[in-house]
Amino acid sequence: MVDICQRAVDKGIGEIAITDHADYIEYKPGDEFYNPAGYFEALEQVREQFDGQLTIRAGVEIGEPHRFADRVDQLLDTYSYDFVIGSLHWVGDRLILSSDYFEGRDIEDVYRPYFEEMLKMVSVGRFDIVGHIDVGKRYGFDVQGSYDVTPYEEELREIYRVLVQRGKGIEINQGSVRRKVQEPAPNAVGLQWYREEGGEILTLGSDGHQTDAVGYCLETAIDMAKSVGFTGVTGYQAREPFPLSFA
Ligand SMILES: [Zn+2]
């Protein structure tokens with residue numbers, strides 16, 4: 001956390017949320033690893049250390065919040081988060097974060113079930129913004145090549161309408177920019193649809209996982225947001241959104 005915060009300061013970033021994963025589906029047997037008490041302890045330390053230099057929000061990325069409502073309630077009612085990402089990594093018992101998911105499958109059979117499941121998630125899940133809306137393209141690239149979002153316009157617009165109705169948002173996720181597909185999630189086309197459906201809440205996510213990815217290509221993400229009409233992004237404090245204008 002210290003390294004992440006130092007990296008943010010070095011990059012001229014004034015405010016970040018550190019969003020460890022809270023996953024309730026075990027990726028490997030026995031590996032439910034989320035430790036909120038440890039997280040908040042470490043967070044207090046960096047908040048003290050970087051006081052006056054960096055605003056550090058308490059965040060979490062919850063996987064499949066719609067499938068684990070009781071666990072999510074328990075977590076969010078126990079700990080004081082500023083910001084909660086809801087993410088979909090699994091479609092049923094299949095993990096989309098792997099090229100195995102794409103092997104031997106028609107491209108339609110890959111993304112449609114994912115977006116169907118995401119519609120369920122955004123309709124009921126407890127979160128502030130949806131993480132990496134079309135994350136599969138990162139992992140499908142090796143099998144199916146570059147990704148075309150246009151066949152999923154209706155699905156995505158419906159997801160966006162539900163989010164807008166519920167006062168929730170999306171992020172521009174830079175994790176896929178660093179990978180072979182080399183575009184954020186969503187890309188400019190997807191972001192434009194969100195805007196057209198009335199989307200106003202937007203955050204910027206490095207999906208860092210490693211220190212040197214903090215703030216990766218942040219300026220490109222900001223330019224993309226501006227190009228579809230955003231004049232700023234959204235910050236969160238105690239789960240309440242507030243505007244952060246572009247300089
Ligand atoms: Zn994720």
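Modeller: Start with helix H4. Its buried residues pack against strand E3 (83–87), strand E4 (90–91), strand E6 (129–130), helix H5 (136–144) and helix H6 (153–165). Some terms first. Helices (H or I, at least four residues) and strands (E, at least two) are DSSP runs, numbered from the N terminus. A residue is buried if 20 or more other C-beta atoms lie within 10 Å of its own, exposed if 12 or fewer, and partly exposed in between, with C-beta atoms placed from the backbone. Contact means that the C-beta atoms of two residues, again placed from the backbone, lie within 7 Å.

A word on the source. This is a predicted model: local features need pLDDT of at least 70, side-chain atom pairs count only at pLDDT 80 or more, and totals for chains, interfaces and linings use all residues. Residue numbers run from 1 along each chain as its sequence is written.

Now the helix itself. H4 covers residues 107–124, which is 18 residues. The expected span of a helix is 1.5 Å times one less than its number of residues.

Which residues of H4 are buried? They are Val110, Tyr111, Tyr114, Met118, Met121 and Val122. These residues cover an arc of only 85 degrees around the axis, so they sit on the same side of H4. The arc is that of the directions from the helix axis to the C-beta atoms. The face turned away from this buried side carries the exposed residues Glu108, Asp109, Glu116 and Val124.

Look at Tyr114. Leaving out residues up to four places away in sequence, Tyr114 touches Leu88, Val91, Ile96 and Gly136. Tyr114 also matters to the count in the largest nonpolar core, a set of 51 residues where Ile62, Val84, Tyr114 and Ile170 touch the most other members. H4 gives the most to this core, with 6 residues. A nonpolar core is a set of buried Ala, Val, Leu, Ile, Met, Phe, Trp, Tyr and Cys residues joined through C-beta atoms within 7 Å.

Next, Tyr152. This residue is found in the loop between H5 and H6. Tyr152 counts as partly exposed, because it has 19 C-beta neighbours inside 10 Å. Again leaving out residues up to four places away, Tyr152 touches Tyr111 and Phe115. The C-alpha atoms of Tyr152 and Arg112 are separated by 7.4 Å, although the two are 40 residues apart along the chain.

Another loop lies between E6 and H5, and His132 is in it. His132 is buried, with 26 other C-beta atoms within 10 Å. Its phi is near 25 degrees, a positive value in a residue other than glycine.

E3 and E6, two of the packing partners of H4, also belong to a sheet. This open sheet of 6 strands has the order E1-E2-E3-E6-E7-E8, with parallel pairing. Its edge strands are strand E1 (15–22) and strand E8 (202–205), each pairing on one side only. Two strands pair if DSSP finds at least two bridges between them. E1 and strand E2 (residues 55–63) run parallel and are joined by 8 bridges. In one of these, Ile16 has Ile56 in E2 as its bridge partner.

Follow the chain onward. Pro186 lies in the loop between strand E7 (169–173) and helix H7 (188–196). The peptide bond from Ala185 to Pro186 is cis, with omega near 0 degrees. In H7, the buried residues are Gly190, Leu191 and Tyr194. Seen down the axis of H7, they fall within an arc of 100 degrees, so they line one face of the helix. They pack against H6, E7 and H8. Just after H7, Gly198 takes a positive phi of about 95 degrees.

Last, the whole chain. It has 8 helices and 10 strands. Its radius of gyration is 17 Å, close to the 18 Å that the globule rule gives for 247 residues, so the chain is as compact as a globular protein of that length. That radius is taken over C-alpha atoms, and the globule rule is 2.2 Å times the number of residues to the power 0.38. Of the 247 residues, 37% count as buried. Among contacts with a separation of 6 or more, residues 24 or more positions apart account for 77%.
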